[in-house]
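Here's a quick briefing to read alongside the picture.

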Amino acid sequence: MIQLTLQMTTKSTLKPLLALLLLGGSPLLSPTESIAQEVVRQDDDIKKMINQISAENLEQLVRKMVSFGTRHTLSTTTSKKEGIGAAREWVKSEFEKYAKASGGRMTVEMDKFVVKADGRRVPQDTEMANVMAILKGTDPNNDRVIIVGGHLDSRATDVMDAKSKAPGANDDASGVAMVMEMARIMASQKFPATLVFVAFQGEEQGLYGSTHLAERAKKEGWNLVAMQNNDIVGNSFSAESGLHDNTKVRIFSEGTPVNETEEQARLRRTLGTENDSPSRNLARYMELVGEKYVDQMDVVLVHRADRFLRGGDHTPFNRQGFAAVRMSEMNEDFDHQHQDVRKENGKQYGDLPEYMDFEYLRKNTAVNLASMASLGWAPAAPEQVGVLTSNLTNKTDLQWQAPTKGAKPAGYYVLMRETNSSNWEKRFYVTDTKVTLPYSKDNYFFAVQSASAEGHASLPVLPVPVR
């Protein structure tokens with residue numbers, strides 16, 4: 001068993017990077033040396049992919065989606081030039097172009113389904129479809145799945161208006177353009193996990209596309225470890241507040257799993273882990289990785305499932321028990337969201353591409369790509385993670401098992417933070433599957449990640465009490 005003794009650093013030193021990184025088998029490093037090691041430890045392949053993200057490409061993709069006039073879920077599916085049907089076919093054709101670089105590993109699917117009339121926003125039975133590009137993992141023993149998505153449909157002021165112009169540039173051609181650009185760049189890469197790139201339909205009418213896919217994933221037993229939803233991610237200016245800032249983006253995550261069992265709820269109340277759902281730790285993961293790879297970007301964690309009284313395509317995945325989060329711009333501009341295209345008193349309304357910041361969208365795409373790639377290259381998470389409680393002690397004994405599927409981890413990161421801190425503050429690297437830390441479990445939260453030799457880490461797993 002390894003025993004570690006390290007000095008706590010200040011919180012200001014910790015953000016945006018984790019405070020300490022110890023290399024297995026090496027002498028203990030001073031805090032300054034450890035921080036420097038973490039700063040330079042970036043993956044060259046991830047950096048190369050980020051450098052391929054093009055603001056110009058993103059703008060072209062958004063403007064093409066706007067050219068369909070409306071992408072309302074109830075709009076025409078027979079026209080080749082306008083409506084949701086034409087938009088779906090175009091996304092599918094673009095995905096198929098990207099797939100050529102994958103050597104047959106990326107397949108493209110138009111996942112059609114029928115939504116029954118709901119008496120609210122779907123007046124009659126309607127066929128819908130999610131457009132998906134699936135990059136199959138290279139490890140047959142690794143069944144992990146990671147999804148990144150945005151919604152293709154758009155709307156005007158009246159959510160039932162399927163005929164008026166509804167450009168939907170920022171809501172949510174921005175999210176779909178991000179997904180498409182990521183698929184283009186990542187298609188040629190090989191990941192042990194399977195990556196799924198999705199353009200959802202039916203978000204504005206009631207989250208229908210994401211509900212269909214979340215239920216499918218649950219029914220088919222997908223080992224879905226993360227869902228990254230991107231909705232309204234391409235504008236950095238708020239006319240209402242006058243703020244113009246392309247250095248911040250929000251990630252929303254549920255604090256406690258919406259579908260937790262009573263037994264899980266009792267354990268949560270006992271341990272005080274209301275701030276440690278898998279979704280919340282996915283958000284922390286994206287913050288850490290995103291800020292590590294993307295310059296001048298502050299990933300702001302918002303501790304609620306979505307914006308006030310609102311929801312998005314991550315919500316159905318949460319309902320099925322999957323870790324899922326939503327990324328949205330820091331300051332939404334409501335003059336250019338859910339508005340008819342018009343001028344009133346000299347002011348332009350409507351969700352038009354002229355009111356987007358494509359360099360900002362590029363940076364948000366980079367946060368998503370870095371997170372998805374790092375998680376896709378990481379080993380599966382450790383299993384049976386526990387904290388020993390048989391003895392009263394001010395030390396903390398942790399133990400776990402190596403993942404039973406996929407490649408064996410090169411080592412493990414043990415994370416630690418004070419109970420009143422939102423972010424992980426320390427990280428220790430060990431090669432054993434147990435560790436004793438000179439910190440009391442009364443005063444700190446802990447978690448364990450599997451790590452590859454390149455430093456790619458799984459999502460954290462919190463320990464449960466064991467004797």
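The largest nonpolar core has 76 residues, and Phe95, Met186 and Phe197 have the most contacts inside it. A nonpolar core here is a set of buried Ala, Val, Leu, Ile, Met, Phe, Trp, Tyr and Cys residues joined through side-chain atoms within 4.5 Å. Buried means under 20% relative accessible area, exposed means over 50%, and partly exposed is in between (1.4 Å probe, protein chains only). Keep in mind that this is a predicted model, where local features need pLDDT of at least 70, side-chain atom pairs count only at pLDDT 80 or more, and totals for chains, interfaces and linings use all residues. Residues are numbered from 1 along each chain as its sequence is written, and side-chain values use heavy atoms, with hydrogens and water left out.

- A second, separate core has 16 residues, among them Val198, Leu213, Ala217 and Ala324.
- Back in the largest core, Met186 touches Met49, Leu135, Phe191, Leu195, Phe197, Leu369, Met372 and Ala373, not counting residues up to four places away in sequence. Contact means heavy atoms within 4.5 Å.
- As a rule, nonpolar side chains tend to be buried together in soluble globular proteins.

**Helices packing on α12**

- Helices (H or I, at least four residues) and strands (E, at least two) are DSSP runs, numbered from the N terminus.
- The axes of α10 (residues 278-293) and α12 (residues 358-377) come within 8 Å and cross at roughly 115°. Axes are lines fitted to C-alpha atoms, for helices over the stretch in contact, and angles run from 0 to 180 degrees between N-to-C directions.
- So α10 and α12 are roughly perpendicular to each other. For these labels, angles under 35 degrees are roughly parallel, over 145 roughly antiparallel, 65 to 115 roughly perpendicular, and the rest oblique.
- On the α10 side, Tyr285, Met286, Val289, Gly290 and Tyr293 meet Val367, Asn368, Ala370, Ser371, Ser374 and Leu375 of α12.
- That α10 and α12 contact splits into 7 nonpolar, 4 polar and no charged residues. Here Ala, Val, Leu, Ile, Met, Phe, Trp, Tyr, Cys and Pro count as nonpolar, Asp, Glu, Lys and Arg as charged, and the others, Gly among them, as polar.
- Helix α4 (residues 55-66) also packs with α12, at an angle of about 105° and with the axes 8 Å apart, which makes α4 roughly perpendicular to α12.
- Ala55, Leu58, Glu59 and Val62 of α4 make this contact with Phe358, Glu359, Leu361, Arg362 and Thr365 of α12. By class, you get 5 nonpolar, 1 polar and 3 charged residues.

- Thr194 sits in strand β5 (residues 194-200) and counts as buried, at 9% relative accessibility.
- Setting aside neighbours within four places in sequence, Thr194 is in contact with Ile134, Leu135, Lys136, Gly137, Arg144, Val145 and Ile146.
- Phe308, in the loop between β10 (298-302) and α11 (315-319), is exposed, with a relative accessible area of 58%.

- The peptide bond from Asp171 to Asp172 is cis, with omega near 5°, and Asp172 lies in helix α6 (residues 169-186).
- Leu207 isn't a glycine, yet its phi is positive, near 60°. Leu207 is in the loop between α7 (203-206) and α8 (208-219) and is buried at 13% relative accessibility.
- Gln296 has a positive phi too, about 50°. Gln296 is in the loop between α10 and β10 and is exposed, with a relative accessible area of 62%.
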